[in-house]
Amino acid sequence: MENSKFTFIDLFSGIGGFRMALENNGGECLRFSEISKDAIDTYCKNSNEPVEKNLGDITKIKELPKHNLLTAGVPCQSWSIAGRNLGFDDDRGQLWNDTIFLLNQSRPDAFIFENVKGLVDPRNKNALNYILERIKEAGYFANYYLLNSFDYGVPQNRLRIYIIGFKNKEFADKFKLPKPIDKKIKLADILSDFNEKIIETENEQPRDLFGEIISQRSMSLSTSNGLNDYFLFNDLRNGHSTIHSWDILDTTERQKKICYLLLKNRRKSAYGNLDGNPLSLKHFQDLDNSINETELDELVELKILKKDNYSFSINRENAIDLSEEENIILNNCDDNLLVVDVLKMNRELKLKKISLSKTLPLLIEKEILIPTEIRYDFKNTKISTGLYGVNRIFLPTSNIFPTLVASDTNDYVTTKIITAKNEEEHRKLFINKVYKNENYRRITKEEACLIQGFPKDYILPENRARWMKLVGNSVSVPVIDILAKAIIETGVFDKVSATTKIRTMPTNIYAEQLTNNQTLKKASL
């Protein structure tokens, strides 16, 4: 590429998000580094790059060719909220050391490193400071920025940290973080089968005394209009756009009332020290003395509630031939009483990764533990899992879609727009017109590409789990695009292009792709 503005090395290259954005700004990729076979195949097919350009495992790279810009999307598991948060205690976290070693060895003019927002969390403060200190020791002037992809051209709520540095302070001082774009791209812009004419409502549009239609509140992520543009499926929180299991299953008003009673009270400290505590029959009857055990057991039969042994008396005479885990559990109990939720907060059990769900049944079987109190809780107690395979369903009018992740999520979209005059109607319309009629679906491969800023025809494996992993692990192309432009504007690469003719390239491949997509949709209306 004789007319390049600058050259770059693409570490942890994934499927080519960095490369697409940098080539869009006149960059020439000299080599890339990746170990995932699917990612390598995808990278090479879309960039027409021979696999021989792959440097392979970063831990085995001794030196890099001379280049102007180093990029790295360092694997994020060590800092992710979804991970175990072990930081540098996790072997994967050591990849930062390998990255900074190669930065120091090759000494490019500038670099861009990307990672998950968990790296800036207070619990990872020491790790982030260590990384920045190592970069400083390598002779670079760097700063970090927490950016949301939604602010820079994709309909996705994706917060990521970007560490940007320069070898010369002159250019570091000139670097200015681009402002968020004014015209945001919304979810409806990328949905392949969205039709603005599809509007469902149970009632005729309301009119004023003069017969004019009263403007109804549209769905938006902002709270100013009072109506959310997504519905959350779980039994642990409440709100006008929360769908509970008792809304989905055939339940009586009486059963709904009991469920709401548990929902309202389970987080009160009077019932325990956890964020959510089960309630005993006595607790329910203290709140409403008309509730009986049969009613609670019927909700258990419906699989809305579950019964838990909350506390046990300990028969220490039978406590012989115990495993290490069993001994630790019993040693952390006061007198002859074991309270499950107290043990859930025990630091020693957490550090030693002792599973109560596996160990307590063994102690019960040995007749060491005798149940003394039964409590009731919701069967579905993990918010991120959702209900019956659904976590969230987003309306096309939503500004954004949740963060795409490698493991996929139980998030869906609907191509139906619903309009409502109030929260109650909004929720009722959604349940009856969207959920019960199954008018929702997962995003497609093409839509996932657009949500990350790739062209919708980007070549990916056909298998959903494989392409979702690749797209979820990638960077958002438009974010790298605007960062590249800001770095170039500092003049750090001027010496590179002073004697070469700069080639003309599209300013934003993603915007061009989106425009074509919107044009096709308008033509079909």
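A salt bridge is a side-chain nitrogen of Lys or Arg within 4 Å of a carboxyl oxygen of Asp or Glu. By that definition, the side chains of Lys 344 and Asp 341 meet in a salt bridge, with 3.4 Å from N to O. The model described here is predicted.

**Overall features**

- The chain contains 19 helices and 16 strands.
- Of its 525 residues, 49% are buried.
- Among contacts with a separation of 6 or more, 68% are between residues 24 or more positions apart.
- The accessible surface of the chain is about 26,100 Å², and carbon and sulfur atoms contribute 49% of that surface.

**Salt bridges within a helix**

- Lys 344 and Asp 341 both belong to helix H11 (residues 340-344), where they are separated by about one helical turn because they are 3 residues apart.
- Lys 344 counts as partly exposed at 46% relative accessibility, whereas Asp 341 counts as buried at 5%.
- Asp 481 forms a salt bridge with Lys 485, and their closest N and O atoms are 2.9 Å apart.
- These two residues are 4 residues apart in helix H17 (residues 477-489), so about one helical turn separates Asp 481 and Lys 485.
- Asp 481 is buried, with 5% relative accessibility, while Lys 485 is partly exposed, with a relative accessible area of 26%.

- The whole structure holds 30 salt bridges.
- One of them joins Arg 19 to Glu 49, whose closest N and O atoms lie 2.7 Å apart.
- This pair links distant parts of the chain, 30 residues apart: Arg 19 is in helix H1 (residues 17-24), and Glu 49 is in the loop between helix H2 (37-47) and strand E3 (69-73).
- Arg 19 is buried at 6% relative accessibility, and Glu 49 is buried with a relative accessible area of 8%.
- Arg 19 and Glu 49 also belong to a network of salt bridges that includes Glu 23 and Lys 53.

**Aromatic pairs**

- There are 19 aromatic pairs in the whole structure.
- Trp 96 and Phe 113 form an edge-to-face pair, with 6.0 Å centre to centre and 70° between the planes.
- That pair links distant parts of the chain, since Trp 96 is in helix H3 (residues 95-106) and Phe 113 is in strand E4 (residues 110-116), 17 residues apart.
- Both Trp 96 and Phe 113 are buried.
- Phe 233 and Tyr 435 form a tilted pair, at 5.2 Å centre to centre and 45° between the planes.
- Phe 233 lies in strand E8 (residues 230-233) and Tyr 435 in helix H14 (residues 423-435), so this pair ties together parts that are 202 residues apart in sequence.
- Phe 233 is buried at 0% relative accessibility, and Tyr 435 is buried at 13%.
- Phe 233 and Tyr 435 are members of one aromatic cluster, together with Phe 231, Tyr 412, Phe 430 and Tyr 440.

- Glu 114 is in strand E4 and is buried, with a relative accessible area of 8%.
- Leaving aside neighbours within four places in sequence, the contacts of Glu 114 include Phe 18, Ala 72, Arg 160, Tyr 162 and Val 475.

How values were computed:
Residues are numbered from 1 along each chain as its sequence is written. This is a predicted model: local features need pLDDT of at least 70, side-chain atom pairs count only at pLDDT 80 or more; totals for chains, interfaces and linings use all residues. Side-chain values use heavy atoms; hydrogens and water are left out. Buried means under 20% relative accessible area, exposed over 50%, partly exposed in between (1.4 Å probe, protein chains only). Contact means heavy atoms within 4.5 Å. Accessible areas come from the Shrake-Rupley method with a 1.4 Å probe; for residues, only the protein chains shown count as cover. Rings of Phe, Tyr and Trp (its six-membered ring) pair if their centres lie within 6.5 Å; planes under 30 degrees apart count as stacked, over 60 as edge-to-face and the rest as tilted.
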